[in-house]
Every structure is written in structure tokens, then in C-alpha cells.
Amino acid sequence: MNLLEVQNLKVHFPVRKGFLSRSKEFVRAVDGVTFLIAHGETVGLVGESGCGKSTLSRAIVRLINPTQGKILFEGDDIAVMSNSEMRKRRRRLQMIFQDPYGSLNPRMTVGDAIGEGLDIHRLTPGQGERQQRIAQLLKNVGLDSSHAGRFPHEFSGGQRQRIGIARALAVEPSLIICDEPVSALDVSVQAQIINLLHDLQHKFGIAYLFVAHDIAVVEHISHRILVMYLGRIVESGDARTVCRSPKHPYTQALISAVPVLDPDSKGQRIILGGDVPSPIHPPGGCPFHPRCPVAEPRCKTEVPHLREITPGHQAACHLAT
Ligand code: SF4
């Protein structure tokens with residue numbers, strides 16, 4: 001059994017025309033997404049801002065209610081769970097955010113922020129065990145037990161992300177949704193956090209859905225990659241194959257934008273025209289056709305479906321071979 005199976009998930013938001021009235025239009029933020037995550041696996045989710053990846057990750061932990069589809073987590077469909085059932089299930093399904101400061105109460109010590117989950121789920125019977133567990137969690141993320149008495153503003157961005165990770169780890173999750181966890185950090189600190197997530201995966205067997213807009217970062221940490229555009233998955237496969245041999249022109253453009261240190265590199269940058277189109281009125285046919293450098297006339301009318309190009313490697317493009 002897979003740890004997570006997302007089946008044809010849709011998140012559509014009604015467009016409000018005024019204070020009270022709703023129009024009949026919808027923002028199709030996530031529009032029929034299907035994928036799996038195995039136990040102990042890291043799946044990277046990549047795409048430009050506005051492609052729907054953050055909405056998808058929030059829908060998986062039910063911070064946003066899905067419009068349609070299934071989210072089978074450890075065998076149960078959490079898309080239809082009541083809030084009280086979901087609260088219990090959240091112990092195994094945690095999330096870390098781009099801005100850990102925003103998710104930490106500035107008036108709560110780091111020890112209490114980490115201990116909150118232990119208290120809610122009654123994981124430590126006494127104060128002594130609680131303190132020991134908090135000290136161990138701080139150690140696991142490379143901090144010192146003396147940090148437990150300090151407040152979030154006393155830490156750097158990288159240290160705050162470590163606190164966010166310790167908080168998620170406290171309740172022994174099997175899956176952590178990492179929503180752009182390194183995007184706001186300096187490059188050297190990014191590497192430290194990615195290495196930490198990697199080490200924790202080895203130690204505790206946790207699976208990650210790692211969301212980012214930088215495909216180079218995603219390649220480094222992921223076993224498999226999903227590329228998202230306008231609410232849909234347009235390419236998926238093992239990380240190395242997708243990054244070395246991308247089949248979808250959108251993935252090719254993302255990879256061509258990654259800076260290369262070699263001055264003799266012959267890689268040519270593909271500049272995409274325009275912005276991501278509105279998810280209220282997505283283009284007909286292939287949603288990528290207005291920006292695609294190799295679009296053909298049929299791309300304006302025929303929707304390309306995600307299909308297997310080579311074993312385990314899928315792309316949604318009429319020309320992919
Ligand atoms: Fe480009 Fe057509 Fe492929 Fe879409 S289906 S990515 S428009 S070539």
C-alpha cells in the first residue's frame with residue numbers, strides 16, 4: 001500500500017463579484033491531479049508561482065477543502081474526514097512552511113512551541129519526559145537543548161526553519177508536506193536544511209512532498225518529480241530522468257533557466273513569453289500553448305493527456321517521444 005494516493009484532486013474557488021454575490025466562474029487552482037507517494041520517498045513538486053502547487057499541498061493536509069477527488073493517506077480517504085477525525089490524523093501528516101516565523105507564536109518559547117503537539121496528542125506522560133523529548137528533538141535538528149527557553153525572534157531564518165522541522169517531527173509523522181521550506185533562505189543555509197531533511201528521512205523513514213519553484217533544488221532532494229502547470233501535472237518521473245531528459249517544453253524551459261557554472265556550457269536558455277494564464281479562463285487545447293515555443297495548430301484544440309513516454313516517465317505533450 002502506498003503512503004499517499006491522490007486521485008483526480010480538484011480545488012476550485014468560486015470568484016466573488018461583490019461583497020456577497022458569487023459569479024458562476026471558478027478559479028481552477030488544482031484541476032485533476034493524480035499521484036502517489038511511497039513510504040520513505042521524497043516527491044518533488046515544481047512549477048512557477050501561481051501554478052497551484054501551494055494550493056495542492058494545503059489541500060492534502062486539509063487546510064483547504066478539496067472540491068473533488070480522493071486523498072488516500074495510510075489507506076483512508078482524508079478528503080471526506082470530519083474535522084475531529086482529521087485532527088487525530090494530522091499527527092501522522094505534518095507540514096512545514098516557507099516562513100516558519102509566521103507559524104510560530106512569538107510569545108511562546110521554542111520549547112513550548114515544539115511541546116504543543118506532544119500535549120495535544122498526549123505523547124509524553126510527565127513533565128520530565130516532555131523536557132527530555134523536546135531536548136532530543138532540538139538535538140535532532142542541530143540545535144541545543146538550551147534553546148528551548150528562548151523565543152522565535154532570537155533565531156536566524158535557518159534556525160527558525162529547524163525549529164519548524166522539530167515541531168513537525170515531535171508527533172512522529174509518516175509524511176511531511178514541505179511548502180517551499182528553503183525558498184526564503186540564503187543558498188548556504190538552503191543546503192544545510194536540505195541535508196538535514198535528508199538525514200532525518202534516513203533516520204526516521206519519513207516521506208516528503210517537497211514543494212519548490214527551483215527545479216535544481218527539487219532534483220537534489222527528490223526521488224521523483226512532478227512538474228505542475230496551471231493546476232495540472234504536465235510531467236512526472238524519477239528525478240534524474242526528468243531533469244536530464246525532460247520531455248515537456250515547460251520542464252525544458254524550467255531546466256534551461258537553472259544557472260550553470262561552466263562557462264563553456266552550450267545549454268541554451270529558453271525564455272518563455274508572457275505570464276501563467278488565468279486559472280479562471282485557462283486556454284483551450286493544451287493549456288501551455290500560448291507560451292510554448294514549439295506549439296502546433298492542433299495544440300490549440302486538442303488536450304494532451306499525461307501519457308507514458310518511457311517506463312515510469314510521463315508527459316502531457318502531443319510531441320513528446
Ligand atoms: Fe507545446 Fe503542443 Fe506540447 Fe502543449 S502539446 S507543450 S503546446 S507542443
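**Loops and their surroundings**

Tutor: In this predicted model, Arg122 is exposed, with a relative accessible area of 75%; the cut-off for exposed is over 50%. Arg122 belongs to the loop that connects α3 (110–120) with α4 (127–140). Its phi is positive, about 50°, although Arg122 is not a glycine. For background, most residues other than glycine have a negative phi.

Leu230 also has a positive phi, near 50°, and is likewise a residue other than glycine. Its loop runs between β9 (224–229) and β10 (232–238). Is Leu230 buried or exposed? Leu230 has a relative accessibility of 6%, so it counts as buried, the cut-off being under 20%.

Next comes the loop between β3 (42–46) and α1, where Gly47 is found. Gly47 is buried, because its relative accessibility is 0%. Along the chain, Gly47 and His213 are 166 residues apart, yet their C-alpha atoms are separated by 5.2 Å.

After α1 comes Arg62, with a positive phi near 65°.

As a general point, nonpolar side chains tend to be buried together in soluble globular proteins. In this model, the largest nonpolar core has 54 residues, and the members that touch the most others are Ile114, Ile165 and Phe210. Helix α6 (residues 187–204) contributes the most to this core, namely six residues. The core lies between domain 1 (4–92 + 173–283) and domain 2 (106–172), because both of them give residues to it.

Last, there is the ligand, which sits in the largest cavity. Around it are 13 residues, and the closest are Cys286, Cys292, Cys299, Cys317 and His318. By type, this shell has 10 nonpolar residues, three polar ones and no charged ones.

Note on methods:
Residues are numbered from 1 along each chain as its sequence is written. This is a predicted model: local features need pLDDT of at least 70, side-chain atom pairs count only at pLDDT 80 or more; totals for chains, interfaces and linings use all residues. Side-chain values use heavy atoms; hydrogens and water are left out. A residue is near a molecule or strand if one of its heavy atoms lies within 4 Å of it. On a 1 Å grid over the protein atoms alone, a cavity is a set of points where a 1.4 Å probe fits but cannot get out, and a pocket is an open set with protein on both sides within 12 Å along at least five of seven lines; lining residues have an atom within 4 Å of a point. A molecule sits in a cavity or pocket if more than half of its atoms lie within 2 Å of its grid points. Ala, Val, Leu, Ile, Met, Phe, Trp, Tyr, Cys and Pro count as nonpolar, Asp, Glu, Lys and Arg as charged, and the others, Gly among them, as polar. A nonpolar core is a set of buried Ala, Val, Leu, Ile, Met, Phe, Trp, Tyr and Cys residues joined through side-chain atoms within 4.5 Å. Buried means under 20% relative accessible area, exposed over 50%, partly exposed in between (1.4 Å probe, protein chains only). Helices (H or I, at least four residues) and strands (E, at least two) are DSSP runs, numbered from the N terminus. Domain bounds come from an automatic or database domain assignment.
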